[in-house]
Amino acid sequence: MTDHKEERTAITSVVELARVGEAAFHLVMLRGPTRGKAFKLHRGKTSIGRGKSCDIVLDGIDISRRHTEIQFNDLVIAKDLKSTNGTYVNGKKIDTAPIANGDLIQLGSQIVFKLTSQDDLEAEVQDDLYQSSILDPLTLIYNRRHFMSRLEAEFHFSIRHQTDLSLIMFDIDFFKRINDRFGHAAGDMVLRGLADRLSSAIRREDIFCRWGGEEFAILLRNLKLVEARQQAERLREMVESTTFTWENQRLPVTISLGAASMSISKPKTPHELVAIADARLYAAKTSGRNRVIDEEDA
């Protein structure tokens, strides 16, 4: 005969498992205005969009009022709700597609979620919170605060061990014209595309950050000024030869760069090294743009 206490325990366990199953997945925002936030998925349909009636309300210039629906029953399925800028699963545009733990769901060009199981949620959120503290949310390269902390450490290491350290500062020429003519979404696309393109062209040990707006910085360990200038020239040529398009129109994108080094300038502080490179950047802009200026040119 079955013990009633054991039977009740078994029933309770089944109910608890069912309840866990109803909330076994979360959408964790990897890119967007609330990076690191987790949205719980319940069984049934979860609508996502700008509209206030949506279950998950997002603020984004290229997010439709009703953009995407997540259906969670026996499977988890993403469905595009005829949005203007599309829904993507792992980089592929979809109408309807099954999604699994770890898959990336992108809405338009600015919002990216990761589907995460409940068991993995705490570790994922903690990692995402850390990443959000050091990365720029738009370009996903280092932010200025993290860059400055690394610059402090590298600066003092260079002084103690008498090693080379160089800095490149650059920004996008006439970036305001792109925003004014094509809109800020086009400008954001250029910023992301440029960061992605140049990230693949620098060394793993280089520290690449979005300094602010359309300005960027790269810290180069163990490179003399002449080598830093050569790297800057390669980056300038790479950007000039890259095709950036928005709504079937090619956008003219070039960069101006300034380079500085510890060995030649002998700055007394990390901020002084930044000021020197920034002055060279200003000289590159005022002397015609789409060029590199280093200390030997100044």
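Does Glu233 count as buried, partly exposed or exposed, and at what relative accessibility? I looked this up before anything else. Glu233 has 23% relative accessibility, so it counts as partly exposed. My cut-offs: buried is under 20% relative accessible area, exposed is over 50%, and partly exposed is in between, with a 1.4 Å probe and protein chains only.

**Ground rules.** I am working on a predicted model, where local features need pLDDT of at least 70, side-chain atom pairs count only at pLDDT 80 or more, and totals for chains, interfaces and linings use all residues. Residues are numbered from 1 along each chain as its sequence is written, and side-chain values use heavy atoms, with hydrogens and water left out.

**Helix α6.** I then turned to the helix itself, residues 225-241. Helices here are DSSP runs of H or I with at least four residues, strands are runs of E with at least two, and both are numbered from the N terminus. The expected span is 1.5 Å times one less than the number of residues.

Next I listed the buried residues of α6: Leu225, Ala228, Gln231, Ala232, Leu235, Arg236, Met238 and Val239. Looking down the axis, I found them within an arc of 165°, so they line one face of the helix. That arc is taken from the directions from the helix axis to the C-beta atoms. On the other side of α6, Val226 and Ser241 are exposed.

**Salt bridges.** My criterion is a side-chain nitrogen of Lys or Arg within 4 Å of a carboxyl oxygen of Asp or Glu. Searching the whole structure gave me 12 salt bridges.

Back at Glu233, I found its partner: Arg229, with the closest N and O atoms 4.0 Å apart. The two are four residues apart in α6, so about one helical turn separates them. Arg229, at 24% relative accessibility, is partly exposed as well.

Arg236 pairs with Glu237, again with the closest N and O atoms at 4.0 Å. Here Arg236 is buried, at 12%, while Glu237 is partly exposed, at 44%. I also noted a network of salt bridges that links Arg229, Glu233, Arg236, Glu237, Glu240 and Asp294.

**One more pair.** Asp171 sits in strand β12 (residues 165-172) and Lys285 in helix α8 (residues 270-286), so the pair ties together parts that are 114 residues apart in sequence. Both Asp171 and Lys285 are buried.
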